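Here's a quick briefing to read alongside the model. Have the viewer open and follow along.

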Amino acid sequence: MNGHKARKRFGQNFLVDQGIINHIIRSLKLNDRDRIVEIGPGQGALTVDIINTCTSLSAIELDRDLIPILLAQFANNNKFTLYNEDALKFDYLRLGSSENPIRIIGNLPYNISTPLMFHLLEHREIIQDMHFMLQKEVVQRLAAQPGDKHYGRLGIMMQYYCKVDHLFDVGPGCFRPQPKVDSAIVRLTPWKELPYTANNKAHFEQLVNRAFQQRRKTLRNTLKEELAQIPEDKLAIDTSLRAEKLSINDFVTLSNQICHD
């Protein structure tokens with residue numbers, strides 16, 4: 001070991017199980033044209049296997065103590081570029097374009113996972129796909145379907161923009177230090193064309209958010225103000241349902257019916 005200790009403020013749990021590392025690498029289906037962006041490479045457990053296959057690897061690492069460890073391993077590889085920056089503030093347009101998209105991978109701490117994924121969606125036109133290690137519960141929420149207990153705003157908004165695949169689970173024993181929860185690998189692939197298009201995306205997001213604020217109540221109660229604009233017999237949905245029963249298309253259709261902007 002190199003003496004570096006995982007830091008709580010960065011939410012660090014380093015992947016050390018070579019079997020899981022190999023499983024992740026197989027899931028990536030890398031080729032020599034890939035432009036990889038690795039968020040939080042840590043001590044380079046994945047980096048060392050990825051860099052030999054791709055055309056370039058840009059690593060974004062916030063922890064300054066890990067920089068010399070990564071440079072010692074990869075500084076002499078001309079495919080490797082290291083950025084000691086915050087992934088939440090990073091401008092990903094520096095690394096790719098619609099003609100040369102990037103593939104993003106990362107073992108994301110819980111406290112930044114959701115805001116980071118939404119930040120990346122702002123650059124989805126330059127992203128081929130994203131593979132993340134997340135808390136298992138977060139992946140279940142991302143992939144949930146109508147009627148599932150994990151179905152809610154996060155899954156709806158992510159599936160609006162991406163195809164979501166829950167690939168496999170990873171136990172706590174695969175990390176040092178061991179986290180207190182199970183993890184999972186998810187693949188997010190931005191849609192080239194959105195399956196459903198909201199007329200006003202801000203309104204659509206607000207509508208979904210309001211619908212799930214009191215998820216045990218019916219839509220007739222949670223969306224009373226919005227639904228008052230349209231006669232009930234003209235509404236595209238059954239307002240006696242709870243939010244968890246509506247599909248993404250149902251929410252988009254309702255939003256478009258209310259908001260014509």
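Predicted model: local features only at pLDDT ≥ 70, side-chain atom pairs only at ≥ 80, totals over all residues.

Residues are numbered from 1 along each chain as its sequence is written, and side-chain values use heavy atoms, leaving out hydrogens and water.

**Aromatics**
- Searching the whole structure turns up 7 aromatic pairs (ring centres of Phe, Tyr and Trp, its six-membered ring, within 6.5 Å; planes under 30 degrees apart are stacked, over 60 edge-to-face, the rest tilted).
- Phenylalanine 74 and phenylalanine 80 make a tilted pair, because their ring centres are 5.2 Å apart with planes at 40°.
- Phenylalanine 74 is buried at 4% relative accessible area, and phenylalanine 80 is buried at 10%.
- Tyrosine 160 pairs edge-to-face with tyrosine 161, with centres 4.8 Å apart and planes at 85°.
- Tyrosine 161 is buried too, at 13%.
- Tyr83, Phe90 and Tyr92 form one aromatic cluster.

**Cysteines**
- There are 0 disulfides here (a pair of cysteine sulfur atoms within 2.5 Å).
- Cysteine 162 is buried at 1% relative accessibility, and cysteine 259 is buried at 10%.

**Glutamine 128**
- Glutamine 128 sits in strand β6, residues 127-135 (strands are DSSP E runs of at least two residues, numbered from the N terminus).
- At 36% relative accessibility, glutamine 128 is partly exposed.
- Leaving aside residues up to four places away in sequence, glutamine 128 touches Asp34, Pro101, Ile102, Arg103, Thr189 and Pro190 (heavy atoms within 4.5 Å).

Note on methods: Helix = DSSP H or I, 4+ residues; strand = E, 2+ residues; numbered from the N terminus. Buried < 20%, exposed > 50% of the residue type's maximum accessible area, 1.4 Å probe, protein only.
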